[in-house]
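Here is a friendly note to read alongside the model. Please keep the structure open and look up each place as we come to it.

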Amino acid sequence: MARDRDESSAKAGAAEPAVSGKPDAAMRGVTIAYIAESAGVSAPTVSKVLNGRPGVSDDTRARVEALINRHGYQQRAPIRSNTMELVFRDVADHWGMEIVLGVEQVARHNRVGLMVSAFDAESPLDDIVDRRPDAVLSVARLTSADREQLSARNIAFVVFDPVEALPDDVPFVGATNWRGARSAAQHLIDLGHRRIAMINGPDHVFCRIRRSGYADAMESAGLPVPPELLIATQLTREHGYAAARTLLALPREKRPTAIFTASDVQAVGVYQAAREAGLSIPDDLSVVGFDDLPVAEYLDPPLTTVRQPLAEMAAAATELALALGRGERPAQIGLEIATTFVGRASTAPPRP
């Protein structure tokens, strides 16, 4: 037995705790971290093998399973806190509140406590992990290290409306951004507009997809997109206002007759800039937004926009996170919920 133990220790690169009879693996100090070190993989990889999740090669899975069987390791069911955590980088404007309302409704229906928290340099992920929620719904960007940290502690997570491309095994809920943006641009083209500007957001994946949908509609119609009609900025009213002022200051023959914004909040800034320039919406300038926040309906004139079903997306993401937190294996862990074009009074054919 001593020789076997020495050989095993040599292979693992660490001394294995003494064994007497058939003690429980936990009593011998065998943990996920120990198995990961022995197999030469990360702790989240071991967690994936234990939970039957994809994203692990056959050779690695076989090596990890062999170590699990050798040590008799059994994953203990996590102690459920009956809480979930909704994590934001920034809870701003109506956009964030729509998400909070959708999550809160599902959490209350499932009798699960909800905590809303910020995730930034001053409030790192460590604090969230220490609270041990059953699941995390992140509206903030989760790095690969963040995801590994959550997986290592068996905390289920779902990414809401990702701002970057994610590996296939990362659960997420988003919207059909490409189709929504294309429908917005196509609406303006059908009205007869030819100089259609786009005020986009930062270099996030959903902003790139919205730009792609807009560009596809323009290209299909044989319409050029001059660089001066594309502005990338932040998704705020102030930045929408500044971008619109730049566009409306172009010479008359280059000035857009319509502006598509990547968010309704930016569109509010466009309204302000148009008024200051002495332009009437929609007679002189058509405007289309994206999101269909409550403010869109109350603008003057009401804003034509693309409805991103934030509350439905939040509800679906919450159901997915809670199911993963219960150890269930949903058939689909990546969901895209359809957008809808909403026509109102902020668009009209361009002046002759």
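**Notes on the model**

1. Let us start with helix α4: on the face turned away from its buried side are Asp 58, Asp 59 and Asn 69, which are exposed. Here "buried" means under 20% relative accessible area, "exposed" means over 50%, and "partly exposed" is in between, using a 1.4 Å probe and protein chains only. Helices (H or I, at least four residues) and strands (E, at least two) are DSSP runs, numbered from the N terminus.

2. A word on the source: this is a predicted model, in which local features need pLDDT of at least 70 and side-chain atom pairs count only at pLDDT 80 or more, while totals for chains, interfaces and linings use all residues. Residues are numbered from 1 along each chain as its sequence is written, and side-chain values use heavy atoms, with hydrogens and water left out.

3. Which residues of α4 are buried? They are Thr 60, Arg 61, Val 64, Leu 67, Ile 68 and His 71. These residues lie on the same side of α4, because they cover an arc of only 130° around the axis; the arc is that of the directions from the helix axis to the C-beta atoms. Among the elements covering the buried residues of α4 are α2 (32-39) and α3 (43-50).

4. Just after α4 comes Gly 72, with a positive phi of about 65°.

5. Now step back to the whole chain. It has 13 helices and 12 strands, and of its 352 residues, 46% are buried. Contact means heavy atoms within 4.5 Å. Of the contacts with a separation of 6 or more, 70% are between residues 24 or more positions apart.

6. Leaving aside neighbours within four places in sequence, Leu 320 is in contact with Val 158, Pro 171, Phe 172, Val 173, Pro 330, Gln 332 and Ile 333.

7. Arg 131 is in helix α6 (residues 125-131) and Glu 85 in strand β1 (residues 83-88), so the pair ties together parts 46 residues apart in sequence. Glu 85 is buried at 2% relative accessible area, whereas Arg 131 is partly exposed at 38%.

8. Asp 216 pairs with Arg 182, the closest N and O atoms being 2.6 Å apart. Asp 216 lies in helix α9 (residues 205-220) and Arg 182 in helix α8 (residues 177-191), so this pair ties together parts 34 residues apart in sequence. Glu 104 pairs with Arg 108, with 2.5 Å between the closest N and O atoms. Both Glu 104 and Arg 108 lie in helix α5 (residues 93-109), four residues apart, which is about one turn of the helix.

9. Finally, look at some backbone details. Most residues other than glycine have a negative phi, and most peptide bonds are trans. Arg 111, however, has a positive phi of about 55°; this residue is in the loop between α5 and β2 (113-118), and is exposed at 73% relative accessible area. Arg 132 also has a positive phi, near 50°, and lies in the loop between α6 and β3 (135-138).

10. There are cis peptide bonds to look for as well. One joins Ile 281 and Pro 282, with omega about 10°, and Pro 282 is in the loop between α11 (264-276) and β9 (286-288). The bond from Asp 300 to Pro 301 is cis too, with omega near 0°.

Key:
Salt bridge = Lys/Arg side-chain N within 4 Å of Asp/Glu carboxyl O.
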